[in-house]
Amino acid sequence: MMASISNVSASAAAAAASTTAGTGASSGASGLTQSDFLQLLTAQLKYQSPTSPADTTQMAQEFASISTVDGINTLNSQLSSIATTASAAEMAQASALVGKQVAVSGNTLTPTASGKAEGAFSLASPSASTNVTVLNPNGSIADTLKLGPLAAGQQSFTWNGGTSGTNYSYQINAVDASNNQIAITPYTVFSVGGVNLTGATPTLNINGSSTPLPVSSVQTVLGASS
């Protein structure tokens, strides 16, 4: 006769460890599932001694413990699945940017081998006049571009007077019909050449730089690289 549920649990734990030893999984009592416990509970209630019945409080406590472990294992499996799905989504997002021009916060111009550089900015409201001043690394003026009146929102420009390997900066002056200054958000434009998978999350390899660009820093996508 089995006098208490703890004896049954201990025996079942040993049996579980013995059964899984051949497959390299020696788990002991922590390997019991809710299904295993219910089978043991049914057997004990069937064969218990009428003069020494099982302790129902102890049975409830042990079942709760096994339920908690089983629930944690299920939750861990779900979290692992979510992490895998998230990584796949990040990879897909990064891969979709290859061959595109992306804009991040900043006001740097990086010319290509032909001396061409792309810039972008956002206007808070329509402008009557918009001028771009390109600055050399030492702060002197390299060129001035007159873009004229522009609509509110995202705008871009191209400058063809740069030297490859030199980082220029730019300033934008935009006014409305009443000659009031308009708020501007400048962007640095990069061409994405590939995806870097060496870190915890995918990053972007950008043309003209050895420093990977975090996908999270991309403010907007301008289109295919020219």
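Tutor: A residue counts as buried when its relative accessible area is under 20%, and as exposed when that value is over 50%. With this cut-off, 29% of the 226 residues in the chain count as buried. Please keep in mind that the model is predicted.

Student: What is the mean pLDDT of the chain?

Tutor: pLDDT is the predictor's confidence in each residue, from 0 to 100. For this chain the mean is 76, and 61% of the residues reach 70 or more. Residues 1-30 call for separate attention: their pLDDT stays under 50, and the model has 34 contacts beyond four places in sequence for them.

Student: How many helices and strands are there in the chain?

Tutor: The chain has three helices and eleven strands. Their order from the N terminus on is α-α-α-β-β-β-β-β-β-β-β-β-β-β. As for contacts with a separation of 6 or more, 70% of those in the chain are between residues 24 or more positions apart.

Student: Are Phe157 and Tyr170 buried or exposed?

Tutor: Phe157 is buried because its relative accessibility is 5%. Tyr170, at 2%, is buried as well. A further pair is formed by Trp159 and Tyr168, which are edge-to-face, with 4.9 Å from centre to centre and 80° between the planes. Trp159 has a relative accessible area of 3% and is therefore buried, and Tyr168 counts as buried at 8%.

Student: Which residues do ring pairs link into a cluster?

Tutor: The cluster consists of Phe121, Phe157 and Tyr170. Phe121 is also touched by Gly153, which contacts Ser122 and Leu123 too, when residues up to four places away in sequence are not counted. Gly153 is placed in strand E6 and counts as partly exposed because its relative accessibility is 21%.

Student: What volume does the largest pocket have?

Tutor: Rolling a probe the size of a water molecule over the atoms shows where empty space is left. Here the largest pocket has a volume of about 300 Å³. It is lined by 16 residues, of which Thr110, Pro111, Thr112, Ser191 and Asn207 are the closest to its centre.

Student: Which strands supply at least two residues each of that lining, and how is the lining divided by class?

Tutor: Strand E3 (117-123) and strand E8 (184-196) each supply at least two. The largest share, three residues, comes from E8. By class, the lining has ten polar, four nonpolar and two charged residues.

Student: Which residues does Ser105 touch beyond four places in sequence?

Tutor: Ser105 touches Pro186, Tyr187, Thr188 and Gln219. Ser105 is found in strand E1 (residues 100-105) and is exposed, with a relative accessible area of 55%.

Student: Where are Gly208 and Asn179 found?

Tutor: Gly208 is in the loop between strand E9 (203-206) and strand E10 (213-214). It is exposed because its relative accessible area is 77%. Gly208 and Ala113 are 95 residues apart in sequence, and their C-alpha atoms are 9.5 Å apart in space. Asn179 is in the loop between E7 and E8 and counts as exposed at 59% relative accessibility. For backbone geometry, note that phi of Asn179 is near 65°, a positive value in a residue other than glycine.

Methods: Residues numbered from 1 in each chain as written. Predicted model: local features only at pLDDT ≥ 70, side-chain atom pairs only at ≥ 80, totals over all residues. Heavy atoms only, no water. Buried < 20%, exposed > 50% of the residue type's maximum accessible area, 1.4 Å probe, protein only. Phe/Tyr/Trp six-rings, centres within 6.5 Å; stacked < 30°, edge-to-face > 60°. Contact = heavy atoms within 4.5 Å. Helix = DSSP H or I, 4+ residues; strand = E, 2+ residues; numbered from the N terminus. 1 Å grid on protein atoms, 1.4 Å probe; cavity = no way out; pocket = protein on both sides within 12 Å on 5 of 7 lines; lining within 4 Å. Points joined across faces, edges and corners; volume = space filled by probe spheres on them. Nonpolar A, V, L, I, M, F, W, Y, C, P; charged D, E, K, R; others polar.
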